[in-house]
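My notes on cavities and pockets follow.

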Amino acid sequence: LRTYLRLAEYRILRPWWWRTVLLERVNKMSDEEFRRLFPFGGSSDDWLAEFHQRVRLRFFFHPRNQKDFFLQLLTQTEPYEQILSEADDVVANRFEALGSGKVELGWPIDWQRDFKSGKVWPLAPSWNIDILDLDNPSDVKVPWELSRFHQVWWLGKAYWLTRNERYAEKFRELVEDWIRHNPPGKGIHWHTAMEVAIRACNWIAGYYFFCESKSITPEFWLKFLKSLHSHGVFIRNHLEYAWRNGNHLLSGLVGLVFLGVLFRDMREGRAWFEQSIRALAEEMETQVYPDGVNYEKSISYHRLVLELFSTATILCQRNGIHFGKSYMCRLERMVEFVQHYTRPDGSVPLVGDADDGRLFRYCMNDDLNDHRHTLSVGAILFERSDFKHAAGRFSQDALWLFGGEGFEKFQLLRAEPRPVNSRTFPDGGFSVARSESAHLFVDVGDIGMRGRGGHGHNDTLSFEFWANGESLIVDSGTYAYTFDVKARQEFRSTRAHNTVMVDEKEQAEFAGLWSIKDDRTQPRVLKWETEEQSDCLIAEHHAYRPIVHRREFRLDKSKAQLTIRDEILGEGEHTVESFFHVAPGFRLEQADPRRVKVHGERGNAVVEISTGTVEIIDSWFSPRYGVKQRNQSIRISLKQSLPVTITVTILPSR
């Protein structure tokens with residue numbers, strides 16, 4: 001009943017109230033009416049000075065943090081030349097988004113345009129716009145990414161280092177142009193609360209970067225703050241509650257936390273803040289399993305959800321609000337999951353969807369498949385020396401969230417690390433077997449979001465295998481959402497993963513781009529055993545019922561040798577296929593009917609197969625959203641009466 005009432009409120013009542021009453025109110029609000037929302041008055045200049053004085057210590061940083069020590073730390077986390085180069089690209093209106101490469105957008109910027117496909121959305125009432133437009137291949141995520149305003153950070157860092165006012169002026173120019181061409185309620189940028197919230201958070205960071213700039217007028221700041229208020233009113237009335245809440249709802253709540261902190265001197269702002277911190281605690285219990293795994297079953301989205309929770313938590317702590325023990329325990333376990341799925345070289349498996357989404361992108365060209373920045377933040381937040389060791393360095397994320405004090409805490413953590421051992425995450429449905437030379441990541445859980453699918457793929461009992469310093473067997477990745485629907489479904493299909501397919505059936509039938517009709521997998525771990533020399537995992541699922549797929553993984557840690565034994569249990573004659581997707585850069589050679597040689601620049605491997613027809617096929621691999629490249633895969637197939645057993649041994653060598 002509670003879910004029904006919430007859906008009715010946030011899908012029907014509040015959006016209707018926004019369209020019919022609140023939208024006109026925020027559009028017609030005068031400067032004086034806006035200032036009267038606060039308990040202090042005065043002229044525009046006096047009001048702004050009072051506002052600035054009240055809020056200056058509420059955020060992670062403030063212009064008065066511009067000390068030599070802080071700036072020195074900044075240039076240690078990112079080269080000085082790179083900081084200026086990224087800011088200069090923004091000044092020149094050069095941007096890249098979601099695999100586009102750098103693109104000259106010109107001026108003024110068309111904020112409604114997907115500059116990859118050329119599609120332009122109308123500046124119509126946002127609730128009437130078809131943002132997907134599947135009949136006209138395009139990607140609304142491209143203009144959305146631009147309007148998230150991550151470029152605030154690239155301009156802000158250069159401004160702090162150089163004190164060159166052209167970076168502050170560019171911030172003002174971009175924001176003013178955006179406000180002018182995106183009135184509340186019009187266009188794609190007022191369609192989804194998640195996008196409005198992420199933009200608001202980055203704009204607030206922009207305020208703290210440039211609030212003492214001599215080249216930005218009080219008139220601009222008043223316009224800016226009024227627009228932020230409109231952002232808050234919109235988010236409050238469009239929180240994305242669903243049958244299975246996800247990162248969209250969480251982003252909206254984090255946006256309200258940020259706006260509530262900034263505007264807590266007015267009653268409305270305090271209400272946003274109080275509502276959002278209660279809801280954050282509730283969503284931690286809903287969206288994160290007790291073992292710390294996000295229930296959307298995606299490594300990339302686990303990182304995004306962790307960033308959302310941890311950033312909001314640190315901001316709340318800075319403003320005197322502390323979450324309970326259960327909340328903090330799950331947050332700490334989220335960081336532990338990152339620690340275990342991160343491989344010795346810092347890379348991560350590409351399990352589930354990956355759309356390059358972040359709350360804050362501190363660098364234009366950050367490595368989206370390296371999540372160690374969350375370990376650096378976690379080391380300070382939870383005073384964990386093992387997180388520090390796994391992080392490898394003090395990250396820029398930690399610098400901006402904790403400042404120079406955070407660096408000192410990071411340095412004081414003991415250097416002795418706890419060993420990162422093999423571990424299973426039974427609630428989240430993942431197992432990690434690892435040694436210094438091997439890392440095996442196995443999906444032994446459901447498809448995702450307790451039956452909805454969401455950002456999970458058809459990959460139950462699929463795995464990724466890293467050995468001797470490089471990825472060998474990889475997940476195919478994501479590549480596309482709406483701009484290539486066929487590719488979207490292919491990359492999330494069973495055959496795009498390192499698992500078994502029976503009678504060419506999907507593990508789950510797709511019901512849309514982010515949902516499935518039914519999750520029939522019912523996975524179960526039958527054995528998990530970890531020892532010094534080897535690890536053993538046995539699990540099964542029932543997606544092909546009455547047929548059962550049972551799979552055994554055995555990792556010999558001293559040789560980095562992986563043996564996989566598949567049992568297909570049932571009756572009658574069936575077609576069975578098993579796929580092994582090899583990382584790009586390797587060349588495959590079929591040495592004989594039961595053996596494939598894998599040749600690479602850094603190392604080789606031999607794959608031995610017990611039975612079935614073996615063939616080498618061309619396939620696609622997507623290292624990040626919007627990018628794909630060719631690789632080769634091994635396909636094993638047979639047609640015979642069940643039960644049947646297939647054993648595959650992978651022996652890497654340098």
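I sorted the lining of the largest cavity by residue class and got 8 nonpolar, 5 polar and 3 charged residues. The model is a predicted one, and I read every entry here with that in mind.

I noted the space in the largest cavity as about 130 Å³.

Next I assigned the lining to elements. At least two residues each come from α13 (299–318), α15 (372–382) and α17 (396–412). Of the elements, α15 gives the most to the lining of the largest cavity, with 5 residues.

I also searched the whole structure for cavities of 30 Å³ or more and found 8.

For the largest pocket I have a volume of about 1100 Å³. I listed 45 residues in the lining of the largest pocket, and those nearest its centre are Ile131, His191, Thr192, Glu240 and His248. Two or more lining residues come from each of α1 (2–28), α6 (141–147), α9 (193–210) and α11 (247–262).

Which element gives the most to the lining of the largest pocket? I found that α1 does, with 5 residues.

Methods: Residues are numbered from 1 along each chain as its sequence is written. This is a predicted model: local features need pLDDT of at least 70, side-chain atom pairs count only at pLDDT 80 or more; totals for chains, interfaces and linings use all residues. Side-chain values use heavy atoms; hydrogens and water are left out. On a 1 Å grid over the protein atoms alone, a cavity is a set of points where a 1.4 Å probe fits but cannot get out, and a pocket is an open set with protein on both sides within 12 Å along at least five of seven lines; lining residues have an atom within 4 Å of a point. Grid points are joined across faces, edges and corners, and a volume is the space filled by probe spheres set on the points. Helices (H or I, at least four residues) and strands (E, at least two) are DSSP runs, numbered from the N terminus. Ala, Val, Leu, Ile, Met, Phe, Trp, Tyr, Cys and Pro count as nonpolar, Asp, Glu, Lys and Arg as charged, and the others, Gly among them, as polar.
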